Amino acid sequence: MDIEELMSQARSMFPGAIERVVHSGKGGAEIQCRREALQRLCDWLFNQKNYHFSGLIVEEHPHNWQLRYLFTGPEILLVKTGAPLEEATFPSISEAVHAADWHEREAEDLYGLTFEGHPLLGDFILHDNAWQEGIAPMRNGFNPEVALANRLPNREWRPRRILTAPGAFIMPIGPVFGGATESVHFQLETTGEEVIRAFPRLFFKYRGVEKLAEGRKIDEALLLAERFAGNTAFAHALAFCLAVEQLADIKAPGRARILRIFFAELERLRHHLGVIAGICNSTGLVVAASQVAILEEEALRLAGGLAGHRYLFGLTVPGGLSLDMNDQACREVAVNAQDIIRRLDGIKNTLINTSSFMDRLEEVGMVTRDQARGFGLAGPVARASDYCNDLRRIQPYSGYESFDFKVPCETEGDGYARLRLFLAEAAQSARIMEQAVAALPPGAVFAPCEATAGQALAGVEAPCGGMWNWLRLDEYGTLERYHFLTPSFSNWHGFHLAVEYFTFQDFPIILATFGLSVAENDR
Amino acid sequence: MSRWIIKGLKTGVVTTRYPRHTEDAPGVSPGLPRAMRPGEDAGDTLGYDCPTGALRHVDGRLVVERGRCVHCFRCVRNVAKPAPWEDGFEWTAIRDDGSRVPGAFQHSIYICVIDAGGCGACINEIKHLNNPYYNIHRLGFFITPTPRKADLLLVVGPVTDHMKVALQKTYDAMPTPKRVMAIGACAISGGVFGSGFVTGAGIADVLPVDVTIPGCPPPPLAILHGLLVLAGRKDAAQALAPSLKSTKKTAEAG
């Protein structure tokens, strides 16, 4: 269905709701919608038309608020609504579009907006036991350079409790726990054996990256885009560069585009190996964990040897790459990647014949397809629950449309399905790398990139799932607004679904099978 | 289970020969910019701005503050005259005020790791210390989940506001003698985040830092070098710059 037809349907269903439709390139549109009709339109797009909800983008302009709700599918739809600055109240859409729940909480905490009908606002990014309500650090005029004085934290703050059964208690875990782990806190409500309710309390690592990026030049912001989540740095930097290139109305040279795919897949391969090693480790299968960790280290060394940095920092820049590659060296890396996959296959065969390992994964930590869709889960976690969304396929970028690869999908949604998915995707990545070196054209890897003022939205399939970058640039070449919609944010939102009603021993294993990044969520 | 034992044996030994021998496999370290050697011409090596101030020109000399370098490679790629760069990974700097840092612990060291807002890359490199390529167990170093057993606190990240209390509590829970090691540019100088409304300019604002490991992230071998320095088995590369002091500003609430 094209956008014209979709919009005429929408107009007849919600007369007067849609004020204006602005078409953008690549089959997308910005739909200006009246505030009163927002709920119904979003409900219809999400529940009737099956669009994936990717996030909420809030912007504060000198006189008004602009909110854009991003729906993705065959087309990219931005449902836009607004209000004068003093009317900071919007209807909550999260009752119909549950995936919007955390996005609205974020907007409330960082911008001070109110979402009518939302059941739980406050205490999200800025913890109430450390900050008072109403600070709204993303508002214009808030000085991000200095620490806030006059802190009035709520000393009465206590974890929320839902369970009232006799003997029920909250088992707190983190933020510092278990060897070398990222900082995150869990409140697990239980009566003993089972985790009955799980609340991950995130944002211990909130660095305010989006606020820090405001007012910076593109070059400086690129460093933030790349380094707010180092494990998937290349994908994030690529999304940023694609957005900047949109504003400059250029495409990177063909060689750079293919090399970007090559490195994005090398990063995905390495990331997935890390997740698989984590899964083996969580079940206490140390030999398997070591075997996979060997492969991960080798992938890191391949990246380091070829691009100069083990996590590919500093490689992609607006306009292409900062460094040209030797074709022969790339071929060798692709061959080595295939070798890694071959050895990974051997490990996989031994793993599935290890019953003590399989018992911990099979039918543990289930997420259904409806839940995955409802919570807007992304990436391998969603695809393991038969909810298949891959931006490389549905919104190809950087030349993915000319590659032949599978998007693996599983139906069970349990820990084993997620493990199979990470294994299968790693193999596909090595396959794409092989095709990339075969298709590598000669030529430059960099074209000058002069971005002009405007807004841009670019998405890439990061290793954890689809991620979107929203960029607004002013006429001086500095960023007015930079917003990430990251897959880890959606996947953390749905994480509790998998751990509830499983026992404590299963918790670290389910956590490992989700392959979540805290840094990517916290920003 | 026997299948795993056979698989493990078949893999053979992949462990690095460091510290007995040098390690120069490709991809083990990104390297760092280095100071000018005598006789080298600084010339126009700084025709660009180092985004974190790791490189500066002072009186015609190129000054390198390694703790600030974030490996953006802008000083070596696509510039007329690249800055001098060194491979290797022995970058550990130690506090040099007469207190006993090198050789603080003689035999084994128990390590507690805390993520105070890092991007995840440093944590990943610390995890890799336990992989067969580096295997710190063979050298008597152990990562422990509890601060009560720990001799050494490894801190990554610029210290976010929410992690301050946890960081302080973790440090307080450690028995003395104890040492603190700052891992990576963020923990040393704030890195790309710098001092802001929710981030600090490194852990020196919160805890006394004994050892720093530059890098963004420092590769596992660089961290291993730091551990060996603490155990008195290797020498530090340099003394810690005295500039590692509090830089935090405050303002009235808006």
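Me: Why is A:Cys388 called partly exposed, rather than buried or exposed?

Reply: In this predicted model, A:Cys388 has a relative accessible area of 38%. Since buried means under 20% and exposed means over 50%, with partly exposed in between, A:Cys388 is therefore classed as partly exposed.

Me: What makes A:Cys388 and A:Cys409 a disulfide?

Reply: The S to S distance between A:Cys388 and A:Cys409 is 1.6 Å, and the cut-off for a pair of cysteine sulfur atoms is within 2.5 Å, so the pair is counted as a disulfide. A search of the whole structure finds 1 disulfide over all chains. The torsion about the S-S bond of A:Cys388 and A:Cys409 is about -75°, and the disulfide is therefore left-handed.

Me: Which parts of chain A does the pair of A:Cys388 and A:Cys409 tie together?

Reply: A:Cys388 sits in the loop between helix H12 (379-383) and helix H13 (391-394) of chain A, while A:Cys409 sits in the loop between H13 and helix H14 (415-438), so the parts tied together are 21 residues apart in sequence.

Me: How do you know that B:Cys112 is in no disulfide, and what about B:Cys122?

Reply: For B:Cys112, the nearest cysteine sulfur is that of B:Cys122, 16 Å away, whereas a disulfide needs the sulfur atoms within 2.5 Å. The sulfur of B:Cys122 has its closest cysteine sulfur in B:Cys119, at 6.0 Å, which is too far for a bond. B:Cys112, at 1% relative accessibility, counts as buried, and B:Cys122, at 13%, counts as buried too, because the cut-off for buried is under 20%.

Me: What is known of chain B as a whole, in secondary structure and burial?

Reply: Chain B has 5 helices and 12 strands, and buried residues make up 56% of its 254 residues. Of the contacts in chain B between residues at least 6 apart in sequence, 77% join residues at least 24 apart. The accessible surface of chain B comes to about 10,700 Å², with 51% of that area belonging to carbon and sulfur atoms.

Me: Why is helix H16 of chain A described as largely enclosed by the rest of the structure?

Reply: Helix H16 (residues 507-514) of chain A has 8 residues, of which 7 are buried, and that is why the helix is described as largely enclosed. Among the buried residues of H16(A) are A:Phe507, A:Ile510 and A:Phe514. After H16(A) comes A:Gly515, whose phi is positive, near 55°.

Me: Why is A:Asp506 called buried, and which residues is A:Asp506 in contact with?

Reply: A:Asp506 has a relative accessible area of 12%, and since the cut-off is under 20%, the residue counts as buried. A:Asp506 lies in the loop between strand E17 (502-503) and H16 of chain A. Leaving aside its neighbours within four places in sequence, A:Asp506 is in contact with A:Arg360 and A:Val364. The C-alpha atoms of A:Asp506 and A:Arg360 are separated by 7.2 Å, although these residues are 146 residues apart along the chain.

Me: What makes helices H6 and H7 of chain A roughly antiparallel?

Reply: Helix H6 (residues 233-248) and helix H7 (residues 254-282) of chain A pack at an angle of about 150°, with their axes 9 Å apart. Angles over 145 degrees count as roughly antiparallel, and H6(A) and H7(A) are therefore described in that way. Residues including A:Leu238 and A:Leu242 in H6(A) meet residues of H7(A), among them A:Phe263 and A:Ala264.

Methods:
Residues are numbered from 1 along each chain as its sequence is written. Chains are lettered from A and ligands numbered from 1 in the order in which they are written. This is a predicted model: local features need pLDDT of at least 70, side-chain atom pairs count only at pLDDT 80 or more; totals for chains, interfaces and linings use all residues. Side-chain values use heavy atoms; hydrogens and water are left out. Helices (H or I, at least four residues) and strands (E, at least two) are DSSP runs, numbered from the N terminus. Buried means under 20% relative accessible area, exposed over 50%, partly exposed in between (1.4 Å probe, protein chains only). Contact means heavy atoms within 4.5 Å. Accessible areas come from the Shrake-Rupley method with a 1.4 Å probe; for residues, only the protein chains shown count as cover. Axes are lines fitted to C-alpha atoms, for helices over the stretch in contact, and angles run from 0 to 180 degrees between N-to-C directions. Angles under 35 degrees count as roughly parallel, over 145 as roughly antiparallel, 65 to 115 as roughly perpendicular and the rest as oblique.
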